[in-house]
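I opened the model to look through its chains and the interfaces between them. These are my notes, in the order in which I looked things up.

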Amino acid sequence: MLAYAIRRFGQSFIVLVFMSFLVFVGVYAIGNPVELLVNPQADEAERIRATAALGLDKPFLEQYWGFLVGAAKGDLGKSFVFNVPALTLILEKLPATIELAFVAMVLAISLGIPLGLVAGLKPDSFVGRGIMAGSIMGFSLPTFWVGLVLIMIFSVHLGWLPSNGRGETVLVAGIPVSFLTMDGIAHLAMPATNLALFKLSLLIRLTRAGTREAMLQDYVKFARAKGLPQRRVIGVHVLKNILIPIVTVIGLELGSVIAFAIVTESIFAWPGTGKLLIDSINQLDRPVIVAYLLVIVSLFVVINFVVDVLYSLLDPRVRLGGAAAAH
Amino acid sequence: MTRTLRLAIAALALSALPVAVLAKDREVSIGLQAAITSMDPHYHNLSPNNSMMLHVFEPLIKRDANQKPVAGLATSWRAVDDLTWEFKLRKNVRFHDGSPFTADDVVFTLKRVPNVPNSPSSFATFTKPIVDVKVVDPHTIVFKTATPHVLLPSDLASVLIVSKGAGEKAATEDYNSGKAAIGTGPYKFAEYVPNQRVVLKANYGYWGGEEPWDKITFKILTNPAARVAALLSGDVQMIETVPTSDIAKLSKDAKFNLVDKVSNRVIYIHMNQSTEKSPPFVTDKSGKPLEKNPFRDARVRKALSMGINRDAIADRIMEKKAVPAAQLLPDFFYGTSKKLKPVKFDPEGAKKLLAEAGYPNGFAITIHGPNNRYINDDKVAQAIAQFYTRIGVDAKVETMPSAVYFTRATKLEFGYMVLGWGTESGEQGSSLRSLLATYNRDKGMGVTNRGRYSNPELDKALSVALLTMDEKKREALIQQAAEIAMNDTALIPIHYEVSTWATAKGFKYEARTDQYTLASGLKPGK
Amino acid sequence: MTEPARVEGPWVRFWRDFSESRLALVGLALLALVVAIAILAPVISPQNPYDLAQLDVMDSKLAPGEASGTGKTYWLGTDDQGRDMLSGIFYGLRISLGVGVASTIFALAIGLVLGLVAAYFGGWVDTLVMRIVDIQLSFPAILIALVLLAVLGQGVDKIVVALVTVQWAYYARTVRSSALVERQKEYIEAARVLALGQARVVFRHLLPNCLPPLIVVATVQVAHAIALEATLSFLGLGLPITEPSLGLLISNGFQYLLSGKYWISFYPGIALLVTIMAINLVADQLRDVLNPRLRK
């Protein structure tokens, strides 16, 4: 287990280096940040000065090498736009995003799995069909559209919820969180729902599919025949059997919701990293993009690692590290 | 919604209202469209920053709502001779920390401006002409320039004065944290959260008199729909740059006030004349390159200008929040010619001109434009393409985010480009020089001339104007240059953007040509 | 209503199983309609919405049923360029469906193969594939789309490439998770003992048993791909604006939502909803029917 973990994080290091290189190449291919940063009325001397100030006058590989040297010392560079260390900028915004992502995921999981179970156990009932048809609504319409409709209804027409921003925060273990204040919850409600919708639908559908299948497996039939109570059959035998794909998808979705809540954060002006990322990409603020994606890649590495560990816990037949099976 | 529910909500809203108004009487929230990247007034020469900084800091010369220069921290100024300027400074002005404002602060500011580390766009352009500074007494200062520089007062209007005492050892971070953000302006720094909000408090000792607000919160709401929703739901009391799609509805709604003003930004077309043969993305209708570059023919350029229905764009695409353009600035600005009128939509005439120029069957172009830079930029591009089908020119449209667009446009990878230009100085000479003088980066001529238009006659008129100190004569020269360029269709002006602000009822904003959103201009009332 | 005496062919049996659910039949009918509209768009549309010569900006933003200056009536109204919404939706359906299905198929194919291979072989192959997946998952779609736009330019094919690049990793991980479990089961062991070729074991034995969760994810992802394309359009990175997809129509109309000109994004939204609903109703039933273990 420990050896596995160490090996896994060793690999991650290579992933990080490779990732940063890709981002460098990508941003280089998109365009020249100076075009966007320098005031269009500026003269040539000013453009040259700005290019040098941002270190963009050096050859590409030299710029990348400079980044690597800095990164080795823990310095991921300063934002071109804000002149603040990129990592600081991201870490300041990260709690807001993680909070939003977790609330959304909790919503999706706590509703999605039970609803999916119901739909899977009674696939032909009215409720079962209703849940399935309803879940289609959750992913048919683009997030930005649903977000604005929510704002129209709850902020503009009813005036119940604030349309933008994050509410009042309190410090928990030094981290500002907003879900403990009324104001915070009011601000959280719409963006979290907006983000949760797609995941909710996906989870309902996955759970239903898994449940239907599990109900027909011999061991479930056997357990039922033995007269085990329904609750125990579902809680132990069915759930356990369907959890692997669900855990995978939850892992993937949690990662992507933290990383790319771009649209929701823009519409609701949620002060998180998604908004920072889209603004940085639009401004070609390379240090922030690189640092951001390195943070995200690390996040995915951790999530995927946890998910892989969970596999082996959920199903002992899955061995960590996947010892080659072909022999 | 049922009637009862409606009533209940209305009653609830009414009962809550008086308390809310009293508590927040002198507090206001404003929704801005772009991030403020720093609270250091010399770090990033960027319109949203410049607008924000004007609350905290002040220049020697201010600009009024029509960008006319007015006294700021200087009470008067004059050119002693061609190379010498004398400025009288305002007395009894104090910085937010209580220290008095003197000529030393001006000297310090001028020294700091070109030396802000990591600045992505500095203000050095404005201070560079000054080669020597002499402090005559604490409230008199003399500037020397190497060559006659008429635009010095205009340049200094862009340079905000910082406190020497607070700024001596300060870096950009100290301004962002508020430690060094000590100015003389009507509002004091209270909080700055990048990409999120700026909070300012009133400076009660302000020399210009009392301001209407105790506390202002600027919220960064880059998404246009989010901005409007925030206004509609009462989260902010004013927003800038109202999306054109919402103007009709807001202007009819008695709960809101809408103000607007034509701005200093022109949307125009550059046609790539850099190549002998077909420029990029210009072909005949079968896709083969053309023998000659059609944009080098003034008749073709004229025809393409006549082929655009500016009134329809202003009316239908811009919801009347645009004014058809004839030159680079609306004609109440300095150096503009009243003789120039927007080119009339005339598809028949355009076809005839194209035939005369040797293109009786037209040709094919791709219109390139940004889609997140100017108001409705991609829609304007699409409408132009639509009009061109009427004059026999096949037009495709490709729009992209400015991150990609401007790099490629500067590399001249496009043939026909939709662009915009805001004249911050408010005088047309500098714009003609940047956009239409023959491209020569080293001399600072035509630096943004992406069409590579070149006309010796225009160059000459501009270079004479540049060295003329007499205001009247100079203005006449610039007007003449503008007429030369526009009669030759050096570029195709489309329209001037109209800036818009919407406020909740009970607030009134004084609209500005420079698109700045200044809390001083927002008053309670009506 | 099957003939009792005859031996059922597989197709007959399939159809009988499928038609058991009335909801699925409704879905099938809707899907047939949507596909027919997509294919026949050029024939049945009142206007070619991609031909700028047929648009008139003076007819822009007409409400549904409102007559234009030239006397034409647009039943679903027009957008801000004067484009007939009905024709726009027909043509947009064509593009959205094409983009959604094509990108899902390609992404699925790539993800499936890599995921299976990673799970089956394990070891360094698994490590390599999964670390590439880690990178891919962390790479935002907008950045990929922006790079492709800068390097390759705009177009339907580039959008498909962007969507495939974004989505394959997702499938790879999902497939791998199922395959990891299946790999350990007796029947794979048995197949291996029989010394069947590895490719045969992977594709004939491992693959079919990993399919059910994958089909769920895939049918949802067709919708997701269409929505993602809409989101890219919303961010200004989608298709050329003169040739709008459903997603682009919605994101164009989005800005008119607050102003009451609902039809510009409402009707394309409905079209998208119906399309995705139809795909999923059919897919739900297909999955049940095709799943060997669910057969009664």
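**Entry 1: chain A**

I noted at the start that this is a predicted model. I began with the make-up of chain A and counted 13 helices and 2 strands. Its C-alpha trace spans about 85 × 65 × 35 Å along the principal axes. Of the 327 residues in chain A, 59% are buried. I then took the contacts in chain A between residues at least 6 apart in sequence, and 73% of these join residues at least 24 apart. The accessible surface of chain A is about 13,000 Å², and carbon and sulfur atoms account for 70% of that.

I also looked up one position, A:Ala189, which sits in helix α8 of chain A. Its relative accessibility is 29%, so A:Ala189 counts as partly exposed. A:Pro176 is 13 residues away from A:Ala189 along the chain, and I read 17 Å between the two C-alpha atoms.

**Entry 2: chain A against chain C**

How many residues of chain A are in contact with chain C? I found 67 on the chain A side, facing 65 residues of chain C. The area buried between chain A and chain C is about 6,100 Å², with 71% of it from carbon and sulfur atoms. On the chain A side, the residues that lose the most area to chain C are A:Phe144, A:Trp145 and A:Glu213, which together give 10% of what that side buries.

For polar features I listed 8 residue pairs in polar contact across the interface of chain A and chain C, both residues being at pLDDT 80 or more. Eight elements of chain A each supply at least two residues to the side that touches chain C: α1 (2-30), α6 (126-140), α7 (143-157), α8 (182-215), α10 (230-259), α11 (262-267), α12 (273-283) and α13 (286-314). By residue class, that side divides into 48 nonpolar, 8 polar and 11 charged.

The salt bridge count between chain A and chain C is 2. I looked at A:Asp308 with C:Arg176, where the closest N and O atoms are 3.4 Å apart.

**Entry 3: chain B against chain C**

I repeated the look-up for chain B, where 31 residues are in contact with 28 residues of chain C. The buried area here is about 2,600 Å², and carbon and sulfur atoms give 53% of it.

In the pair C:Lys61 and B:Glu319, the closest N and O atoms are 2.5 Å apart. The interface of chain B and chain C has 16 residue pairs in polar contact, both residues at pLDDT 80 or more. Which elements of chain B give two or more residues to the side that touches chain C? I listed α8 (224-232), α9 (244-252), α11 (310-317), α13 (377-389), β18 (394-400) and α14 (402-410). The largest share, 8 residues, comes from α13(B). The residues of this side divide into 15 nonpolar, 7 polar and 9 charged.

Helix α15 (residues 428-436) of chain B has 8 of its 9 residues buried. The buried residues of α15(B) include B:Ser434, B:Leu435 and B:Leu436. I traced what the buried residues pack against and found β14 (256-271), β19 (416-422), α16 (456-466) and α17 (471-487) of chain B.

B:Asn449 lies in the loop between α15 and α16 of chain B. Is B:Asn449 buried or exposed? Its relative accessibility is 0%, so B:Asn449 counts as buried. Leaving aside neighbours within four places in sequence, the contacts of B:Asn449 include B:His270, B:Ser434, B:Leu435 and B:Leu436.

**Entry 4: other salt bridges**

B:Arg112 is in helix α3 (residues 103-112) and B:Asp40 in the loop between β1 (27-32) and α2 (47-56) of chain B, so the pair ties together parts 72 residues apart in sequence. Both B:Arg112 and B:Asp40 are buried.

B:Arg408 and B:Glu413 form another salt bridge, at 2.8 Å between the closest N and O atoms. B:Arg408 is buried, at a relative accessible area of 12%, whereas B:Glu413 is partly exposed at 29%.

How values were computed
Residues numbered from 1 in each chain as written. Chains lettered and ligands numbered in written order. Predicted model: local features only at pLDDT ≥ 70, side-chain atom pairs only at ≥ 80, totals over all residues. Heavy atoms only, no water. Contact = heavy atoms within 4.5 Å. Buried area = accessible area lost by both parts, 1.4 Å probe. Salt bridge = Lys/Arg side-chain N within 4 Å of Asp/Glu carboxyl O. Polar contact = N/O pair within 3.5 Å; in protein donor to acceptor, adjacent residues only side chain to side chain. Helix = DSSP H or I, 4+ residues; strand = E, 2+ residues; numbered from the N terminus. Nonpolar A, V, L, I, M, F, W, Y, C, P; charged D, E, K, R; others polar. Buried < 20%, exposed > 50% of the residue type's maximum accessible area, 1.4 Å probe, protein only. Areas by Shrake-Rupley, 256 points an atom, 1.4 Å probe, with all protein chains shown as cover.
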